[in-house]
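This report describes a protein model from its helix packing to its aromatic pairs and loops. The structure under discussion is shown below.

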Amino acid sequence: EIHCDILHDAESCCRKETVYLVWGVSPSATNSKKLQSTEHPFMKKHLLIFLLVLLAAGCAAKEPPFDAVRVFSDAEQNMHAEKYEKAHKDYQKIQEKSPDKSYDAIIMLRIADTYYGEEKYSEALVEYQNFLNYHPVHKDAAYAQFQIGMCNYRELTTIDRDPTPAHMVGREMTKLLEKYPKSGYEEQEKKYIAICLNWIADYEL
């Protein structure tokens, strides 16, 4: 019986060795790898960092494309809510990330309007003029010309100050009458021209 047990144990050992050999791994090799893994824990750490870097790169590569339509819609909502600064940033973002829309008439006009809404009249005037330079026959060209006159009008302060803005209002409103005679701004043009003429007269007294 003892002899049979010894044979049985030997047979079991051979079978285990055979399994290790089939898979190409020996018990001694397995033990060696365990020792190596315990002797070099920093390798696991470096491997984890490497995997995280790859994952981050993959996420960055899958960043969704810029949606100009959605951003424009957000900007329009901010304009209606008189949140001019937020709207301005969105319109500029469209210009920066959608080069084909850099000189889009509506975007240029909206940027000018945000400056006007923020009471930055000098900046607004420049943008309205840029709009007219690129889109002189656009359906909103008369509006842009009227706004140039209004930017100058908003710069008027007291009678004892520089009358240049008053002269500019008269000049720009007259230009509006001449270039866009059926613009629909006729009554307002005449109103502001009259105000500025009276302002200049009072200044010269």
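## Packing of α4 and α5

In this predicted model, the axes of α4 and α5 lie 8 Å apart, and the two helices pack at an angle of about 160 degrees. An angle over 145 degrees counts as roughly antiparallel, and α4 and α5 are therefore roughly antiparallel to each other. The crossing in which α4 passes α5 is left-handed.

On the α4 side, the contact is made by Ala68, Val71, Phe72, Asp74, Ala75, Glu76, Asn78 and Met79. The α5 side contributes Tyr84, Lys86, Ala87, Asp90, Tyr91 and Ile94. Sorted by class, the contact of α4 with α5 has nine nonpolar residues, four charged residues and one polar residue.

## Overall architecture

The protein chain has 10 helices and zero strands. Its pattern along the sequence is accordingly written α-α-α-α-α-α-α-α-α-α.

Of the 205 residues in the protein chain, 28% are buried. Among contacts in the protein chain with a separation of 6 or more, 50% are between residues 24 or more positions apart.

## Packing of α6 and α8

A further helix pair consists of α6, which spans residues 105-117, and α8, which spans residues 141-154. These helices pack at an angle of about 20 degrees, and their axes are 12 Å apart. Angles under 35 degrees count as roughly parallel, and α6 and α8 are therefore roughly parallel to each other. The crossing of α6 and α8 is left-handed.

From α6, the residues that make the contact are Leu109, Asp113 and Tyr116. From α8, they are Tyr143, Ala144, Gln147, Met150, Cys151 and Arg154. The contact of α6 with α8 comprises, by class, six nonpolar residues, two charged residues and one polar residue.

## Aromatic pairs

A pair of aromatic rings is described by two quantities, the distance of the centres and the angle of the planes. The structure holds seven aromatic pairs. In one of them, the ring centres of tyrosine 128 and tyrosine 143 are 6.3 Å apart and the ring planes stand at 85 degrees, so the pair is edge-to-face. Tyrosine 128 belongs to helix α7 (residues 121-134) and tyrosine 143 to helix α8, and the pair links distant parts of the chain, 15 residues apart. How do the two partners differ in exposure? Tyrosine 128 has a relative accessible area of 0% and is buried, whereas tyrosine 143, with a relative accessible area of 24%, is partly exposed.

Another pair is formed by tyrosine 153 and tyrosine 192, with ring centres 4.8 Å apart and planes at 65 degrees, so this pair is also edge-to-face. Tyrosine 153 lies in helix α8 and tyrosine 192 in helix α10 (residues 186-204), so the pair ties together parts that are 39 residues apart in sequence. Tyrosine 192 has a relative accessibility of 11% and counts as buried, because the cut-off for a buried residue is under 20%. Tyr153 and Tyr192 also belong to a cluster, linked by ring pairs, that includes Phe146 and Tyr185.

## Loops and positive phi values

Most residues other than glycine have a negative phi. Glutamate 82, however, has a positive phi, near 60 degrees. Glutamate 82 is located in the loop between α4 (68-80) and α5 (84-97). Its relative accessible area is 57%, and glutamate 82 is exposed.

The loop between α6 and α7 contains glutamate 119, whose phi is likewise positive, near 65 degrees. Glutamate 119 counts as exposed at 59% relative accessibility. Glutamate 118 is also found in the loop between α6 and α7, but at 25% relative accessibility glutamate 118 counts as partly exposed. Which residues does glutamate 118 touch, not counting residues up to four places away in sequence? They are Tyr84 and Glu85. Glutamate 118 and glutamate 85 are 33 residues apart in sequence, and their C-alpha atoms are 7.4 Å apart in space.

Methods: Residues are numbered from 1 along each chain as its sequence is written. This is a predicted model: local features need pLDDT of at least 70, side-chain atom pairs count only at pLDDT 80 or more; totals for chains, interfaces and linings use all residues. Side-chain values use heavy atoms; hydrogens and water are left out. Axes are lines fitted to C-alpha atoms, for helices over the stretch in contact, and angles run from 0 to 180 degrees between N-to-C directions. Helices (H or I, at least four residues) and strands (E, at least two) are DSSP runs, numbered from the N terminus. Angles under 35 degrees count as roughly parallel, over 145 as roughly antiparallel, 65 to 115 as roughly perpendicular and the rest as oblique. A crossing is left-handed if the near helix is turned anticlockwise from the far one by less than a right angle, and right-handed if clockwise. Contact means heavy atoms within 4.5 Å. Ala, Val, Leu, Ile, Met, Phe, Trp, Tyr, Cys and Pro count as nonpolar, Asp, Glu, Lys and Arg as charged, and the others, Gly among them, as polar. Rings of Phe, Tyr and Trp (its six-membered ring) pair if their centres lie within 6.5 Å; planes under 30 degrees apart count as stacked, over 60 as edge-to-face and the rest as tilted. Buried means under 20% relative accessible area, exposed over 50%, partly exposed in between (1.4 Å probe, protein chains only).
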